[in-house]
Amino acid sequence: MNIPEPASAPRALPDRSRGWLARSATSWETLLLLVAITIFLINMQASPYFLDPWNLSDATFNFTEKAMIAFAMAMLIVAGEIDLSVASIIALASTAMGFAVQLGAGTPVLVLVGLGVGLLCGAFNGLLVARFGLPSIVVTIGTLSLFRGIAYIVLGDQAYSGYPESFAWFGQGYVFWVITVEMVLFALVALAFGVLLHKTSFGRAVYAIGNNPTAALFSGIRVPRVKFVLFLLTGLMAGLAAVCLTSRLGSTRPSIAVGWELEVVTMVVLGGVNILGGSGTLPGVVLAAIIMGLVTFGFGLMNVPGIVMSIFVGLLLIAVIALPVLGRRLVSLRR
Amino acid sequence: MSLEPHGDEKPLLTLAGVSKSFPGVRALSSVSLSLFPGQVTALVGENGAGKSTLVKILTGIYWPEEGHLSIDGERQSFSSPHDAAQAGITAIHQETVLFDDLSVAENIFIGHAPRNRFGLIDGRAMRREAARLLERIGASLDPTARLRDLGIASKHLVAIARALSIDARVVIMDEPTAALSHKEIEELYELVETLKADGKAILFISHKFDEIFRIADRYTVFRDGEMAGSGLIAETDSSSLVTLMVGRSVESVFPAGSGHLGETVMQVTGYSHPTEFENIAFSLRRGEILGFYGLVGAGRSECMQSLFGVSRPSAGRVEIDGRELAAASPADAIARGLVYVPEDRGGQGAITGLPVVGNVALPSLGGLSKRGFIAMAREFALAREYTARLDLRAAALDQPVGQLSGGNQQKVVIAKWLATRPTVIILDEPTKGIDIGSKAAVHAFMRELADDGLAVIMVSSEIPEVLGMSDRVIVLREGRQVAEFISEAASPEALVRAAAGIDEAA
Amino acid sequence: MSGLLSRRDALLALALALLIALVAWRFPAFARPTSLGGVFTDSSILIILALGQMMVILTRCIDLSMASNLALVGMIVAMTNAALPALPVPLLVVLAIAIGATLGAVNGLLVWKVGIPPIVVTLGTLTIFRGLIFVISDGQWINAHEMSDGFKALPRLTVARVPLLAWSAIVAFAAVAVFVSRTGTGRALYAVGGNPDAAVYAGIDAGRTRCIAFVIAGALAGFAGYLWVARYAVAYVDIAGGFELDVIAACVIGGISIAGGIGTVVGALLGALFLGVIKNALPVVDVSPFWQLAISGAAIIIAVLFNARAERRPGRIILKRAEQGVTIAVPRSVQGKSVQGESA
């Protein structure tokens, strides 16, 4: 196709407006990195047990499972939706696995059951939101009750145990020295979602939808299909987390993972993802997960009860969103 | 241009030397306007002439950079729409700016409802007052009816009742009859007479000449953000108004085509929608530019969006390259080579939060990626190529599109579609709200696209553009196709008459 | 307002009646006035909270911290009562409302003045408030024997054979109904949620309206906090855990649209009662209470589907019909000649 050259010599635009260093220095991820390092140093000072490799390894358990869900949730939130039912999916998947154990299933089948239930729940959410166009926040509040409710119907206030020994490998196993299986899974999932969000056309579609669903549709993106897949992925990750958690605990109750959905959302928002959609990066969420892990571990070493820790997390969440806004206002006042 | 003195009347509201600019566009250039009590002033002009900017200044949404606004001779300064309302200026828009889930009475009195001695809203007094106001304007509406349940005509009446309730002195009506039936239009005219008798100064914006000559006393014509003329209605006629609106001669500014038309590439027959359009039929050849003209609300964009797969038609057949296209979504249309550049640039065309490269490459990502993984280098290369050819002005390819001027945003949208190598490209009001320089660039571009074998459909409300750019023009009115012209032999008047239905039995 | 009950409210009332009838068919005792009265009383706290949440949701916001607010205030008044049993209980109730309102103001100000999205704010305050319970109580419980008799007895006192707990819900309902229908700010809630741009034209300060909604919701949560600890005669960190979801469920079932601007007090009441009936009917019908969560979940999903269909807006109507007297020109190809004839 012959498009005319403009009168002056064609100027190709530069690719980037600022250099790599300038872009990195002012990014959210850099801020998070600094926060992470600071907390690390504070923890080092506060307790002599902090730097023990086995302690550090133990500490990872308190965030790896949630982080796996957070990566999928991050993509969902970037696209402008949310899934508050993830903790209930864990409960239901775990219950299904416990049920399978009673039927004599072996480890491979258990894993399939866990992941499969996660996928099914995700598909249910996806159907309601993507196909019927219902608002995800209330739909997932509904499925949050429904999924956990089904778990309660099946199990009541009992617990399943009797998982095969090989099953424990996921949540309790070590790959090498202090590196746990869960840490490896965490890294793999982080990598996979990082690539998916930042390097594929699917990821671009997610950003487009989160910024402007109408324009995205008009640009040829199959918006309902993308959203459906995102809910599937979130469900799948919840299923994976269920496998890890159940394997780690060695038993199942319908009340496991209560409140996890809020921690996962906190991790995502702390990671710099805009709750309204359209922006955010996966490395940010990785750093946020590590920060929350460090905080939990550090407070734990100082024998601070979990509930007080959550005050800190709540304050951190609000401060982290408020500070840039207040900072900008201070700057414009001074002008 | 000076206003003809009419006795020694004093204007109620005066705008003098008002200018307003936005990034890249000068929306208003030193315009003046006077509104007289008890008189209707018609404001006429094409899309993009600056009328809506003027309304926004009058209602306090924008504030001009130059010039001033006076009421009863006193300078005013509005810092919010509330101030304008306090000063007695209200507007009735095409889309009502009211609350669907509140009742008629509440809509009339929201923000200033009558209170009883406990400080609570006195519902009975409110409904009584509302009934009185409604009666005064001849509206037989139930004050307790929910606004959502009413038709657009009734909503306008509620807006007018609200204007009366805040003792508005200036009433702006922006294309109020766009969605009304004939009977409702007559009722509106009577209402305007009532308002005139009340001493209100009315600014009436309309494209419809029969209306203007029926109810207006004065006129002002805007063209390209400037005042093109004003005066008394009694001393002018529709042809003169059209000339003032259109102004410059049509041929000079537009690039001429090569004249080579290829084979028929698109065929549309009996295309209908339950509520938006009916029996649209046309064919399109390679190398051709087909213009679609009509008044605002005629259904052109709706028809194009339906072709593009955004909405579902109820009947009809669309063929591209001889094979039927049944687009269930834009993705389907794009796959067959039909692309659409929307009128709403920021809302539907470009994703303002994403960078230039992200926007330009978006529909083409399939081709740029191997097994889903994007080759970043190729993405940038694609964006670089097409933005250079369109002469895009931006700081860099990673600049967010929202920071660019209107003209450049439009270039980004066009670039993104060109990168998909389409067969048919539909451009909906492509130069709306764009500065002259970019307009010319877009026009030159369109002509080159056509000469190169693309089939182009252009929806436009600017007569010079429609006649100057297209080979043929189809006119839509109220969802129906009413005329087809060959551009070089058509006159602006003929277009306007067809679009407004001037020659039909009223 | 057209009529006392909107169409959706009427349908919900019908559904509620059917539900009760269904249970009563097999267990007639359920539908007896005393039994139904008991259900109402049991649902009172949920009703009060649902009214508060309704106001917040009307303005297109959400408050996830209501249950934590309730729990914190409950603990504070319980501890105060345990430490100073001589303090008159009505004073404690006023204290509860005041503290609740202050906590609500924290939410409201962060949303209004700092501009943080409500879901993030209330996600944060949810954990902060609950953590503070631990901090002030050091993880200890306040048990029944530590509370004064007056403190525990107040909700159970009856006036006209109706316990004060139920009266609280009735009074709250009446107060919110008047507020929402008869005050400027109350109507502004609908305006801000229904059409925020138009609200600006009407001179309404959207941020301030939202803040007020949060403050009132907080006040109601605080009030409910006293009622909860007095009724169950215990206060500890985890009370009302997860209750915020029941509250939102009640609102959704009650037809309050998450998109803002739509919803009625009657709807909130009926939604809360619906959940209350389910909860109380299950033991009667001999269904294990473990079914309750799943049933609420299903009810929410059905309600959302229903709401979505009801809220759909009609598209643009461009085509005019023949009966309006417009003659349609037959498409013609004019060779560009200026058509003769004068316009009007």
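Q: How many helices and strands does chain A come to?
A: The secondary structure of chain A comprises 14 helices and two strands. Helices (H or I, at least four residues) and strands (E, at least two) are DSSP runs, numbered from the N terminus.

Q: What sort of model is this, and how is the numbering done?
A: It is a predicted model, in which local features need pLDDT of at least 70 and side-chain atom pairs count only at pLDDT 80 or more, while totals for chains, interfaces and linings use all residues. Residues are numbered from 1 along each chain as its sequence is written, with chains lettered from A and ligands numbered from 1 in the order in which they are written.

Q: What percentage of chain A counts as buried?
A: Of its 335 residues, 52% are buried, that is, 20 or more other C-beta atoms, placed from the backbone, lie within 10 Å of the residue's own.

Q: Changing topic: how many residues does each chain give to the contact between A and B?
A: Chain B contributes 38 residues and chain A contributes 32; two residues are in contact if their C-beta atoms, placed from the backbone, lie within 7 Å.

Q: Which element gives the largest share on the chain B side?
A: Helix 14 of chain B does, with five residues.

Q: Which residues of that helix are buried?
A: In helix 14 of chain B they are E379(B), L382(B), A383(B), Y386(B), T387(B) and R389(B). They cover an arc of only 165 degrees around the axis, which puts them on the same side of helix 14 of chain B. The arc is that of the directions from the helix axis to the C-beta atoms.

Q: What covers them?
A: The cover includes helix 12 (356-361), helix 13, strand 18 and helix 15 (406-418) of chain B.

Q: What comes just after helix 14 of chain B?
A: D391(B) takes a positive phi of about 55 degrees there.

Q: What is the mean pLDDT of chain C?
A: The mean is 86, and 90% of the residues of chain C reach 70 or more; pLDDT is the predictor's confidence in each residue, from 0 to 100.

Q: Where is the pLDDT below 50?
A: That applies over residues 322-344 of chain C. Beyond near neighbours in sequence, this stretch has 44 contacts in the model.

Notes: A residue is buried if 20 or more other C-beta atoms lie within 10 Å of its own, exposed if 12 or fewer, and partly exposed in between; C-beta atoms are placed from the backbone.
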